[in-house]
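Dear colleague,

Please find below the structure that I am handing over to you. My notes on what was found in it follow directly after.

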Amino acid sequence: MDSSRYYKNPFEDYPNPTSNLIINVNTKEINENYKATLHTSTKKLLDRLEEMKSRWAYHDDYSVYTGPAGIAYTFYQYGKCFNEPAYIDKATELLRMCVNKFRGKREITFLTGIAGPLALGSVVLHSQGSQDEASNMISKLKSLSSYVLKENSELPDELLYGRAGYLFSLLFLNSNISPPPIEDELIKQVIALIIKSGHVYSASRNYKTPLMYAWHDAEYIGGAHGLAGILYLLLQARKYLTLSQLEKDIKPALDFLQDLRYPSGNFPSSIGSHTDKLVHWCHGAPAMPMLFCLAYEIYQDDRYLKTALQCGEVVWSRGLLKKGYGICHGVAGNAYTFLSLFQQTKDVKHLYRACKFADWCMDFGTHQNRIPDRPFSLFEGVAGTIYFLIDMQNPLSAKFPTYTV
């Protein structure tokens, strides 16, 4: 393990003499005083983000991941959760700009491609009553499928740059717009190609799993680039899966993935890696509880819940990262581990742990050893920390942005 990447956790674990100041054990909710503290800190960081608007432009990056589209996502979330329509208006303006200026028409994912601003823009505009404009964006998003469904293209399958990221865009639209605008058949086609691609690659390497994938010549297994992220998106699309796909493709791949854990409970970043050092959403344990909690729900296999809980111990011990407070490789992203475990188990220990990571985030700027490249963005910077603090105020509804539909 590499202890140089994280701070020693200074917080007393649950239960302790002061935990009742944060958590009401009877209602299994955050106390109102602590919720007020969360809200005050959220607004303070949001004001800081807005004051820095002149510094949001990042060399033609209009993505959800590190560009203004991600900041729009945070504005939309804030406006929706706290009934502040001015922030939804700000999100709308930003997303229109991102859609108009985005140049990479073959970048097809929610996080890094045009699909993100189109899908998010569609949802926001639809909520505002701009149905024609929303429908136009949906049509543009669907037209990208001609590239996504090309079998001989060089398109990967992972979440950040590949087909799983396009699949998220389709699922996101159908879960946020009624009636669902994306036809079942298109979603099933994308799923079938992701699974076929996994078959072909796994067979070419003689793996003991029906599904395996590579990105940039490495066989990643984490949330952003690897097997875990792909499986999580496929399981979230389970209403479109066949029983054979669930039992013969995804479950054996889950078992294969689960067996890759280090003795510590953490996961390697890729096949063949033996350095137990990364505890990020993008690589390592933090992305895994969301996957294995969902797998437990679907397959009722206690081993999956045990794996998710073991990941929670890793994140509690090693998740206060020196890199900072971001969603992708920071403390805010790691805290979603505890929110997913709380949602699954209703054990307030996990809610308490999420609150302590929120305490760390509310002390923004004090604990980090470098400034991110995109310090205001959703996945690297303050917009992601704000998004997490918004979610903390309604923890049973919290969803890791762009990963949980």
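**Backbone, cysteines and packing**

Lys28 is found in the loop between β1 and β2 (29-30); helices (H or I, at least four residues) and strands (E, at least two) are DSSP runs, numbered from the N terminus. Please note that this is a predicted model, in which local features need pLDDT of at least 70, side-chain atom pairs count only at pLDDT 80 or more, and totals for chains, interfaces and linings use all residues. Residues are numbered from 1 along each chain as its sequence is written, and side-chain values use heavy atoms, with hydrogens and water left out.

Lys28 has a positive phi of about 60°, although it is not a glycine. With a relative accessibility of 40%, Lys28 is partly exposed. Here buried means under 20% relative accessible area, exposed over 50%, and partly exposed in between (1.4 Å probe, protein chains only). His216, which is not a glycine either, has a positive phi of about 55°. His216 belongs to the loop between α8 and α9 (227-236) and is exposed, at a relative accessible area of 63%.

Two cis peptide bonds may also be of interest to you. One runs from Tyr14 to Pro15, with omega near -5°, and Pro15 lies in the segment before β1 (23-24). Another joins Ser178 and Pro179, with omega about -5°; Pro179 is located in the loop between α7 and α8 (184-204). As background, most residues other than glycine have a negative phi, and most peptide bonds are trans.

How many disulfides does a search of the whole structure find? The search returns 0, a disulfide being a pair of cysteine sulfur atoms within 2.5 Å. The cysteine sulfur closest to that of Cys328 is in Cys282, and because the distance is 3.7 Å, it is too far for a bond. Cys328 is buried, with 2% relative accessibility. For Cys355, the closest cysteine sulfur is in Cys361, 12 Å away and therefore too far for a bond. Cys355 is also buried, its relative accessible area being 0%.

His329 sits in the loop between α12 (302-318) and α13 (331-345) and is buried, at a relative accessible area of 18%. Leaving aside residues up to four places away in sequence, His329 touches Tyr65, His280, Cys282, Leu321, Lys323 and Glu380; contact means heavy atoms within 4.5 Å.

Pro252 is part of helix α10 (residues 243-258) and is partly exposed, with a relative accessible area of 28%. Its contacts beyond four places in sequence are Thr209, Pro210 and Glu247. Thr209 and Pro252 are 43 residues apart in sequence, yet their C-alpha atoms are 6.0 Å apart in space.

Finally, helix α4 (residues 115-127) packs with helix α7 (residues 163-176) at an angle of about 0°, their axes being 10 Å apart. Axes are lines fitted to C-alpha atoms, for helices over the stretch in contact, and angles run from 0 to 180 degrees between N-to-C directions. The angle makes α4 roughly parallel to α7 (under 35 degrees counts as roughly parallel, over 145 as roughly antiparallel, 65 to 115 as roughly perpendicular and the rest as oblique). Ala115, Ala119, Leu120, Ser122 and Val123 of α4 meet Tyr166, Ser169, Phe172, Leu173 and Asn176 of α7. Of the residues in this contact, 7 are nonpolar, 3 polar and none charged; Ala, Val, Leu, Ile, Met, Phe, Trp, Tyr, Cys and Pro count as nonpolar, Asp, Glu, Lys and Arg as charged, and the others, Gly among them, as polar.

With kind regards
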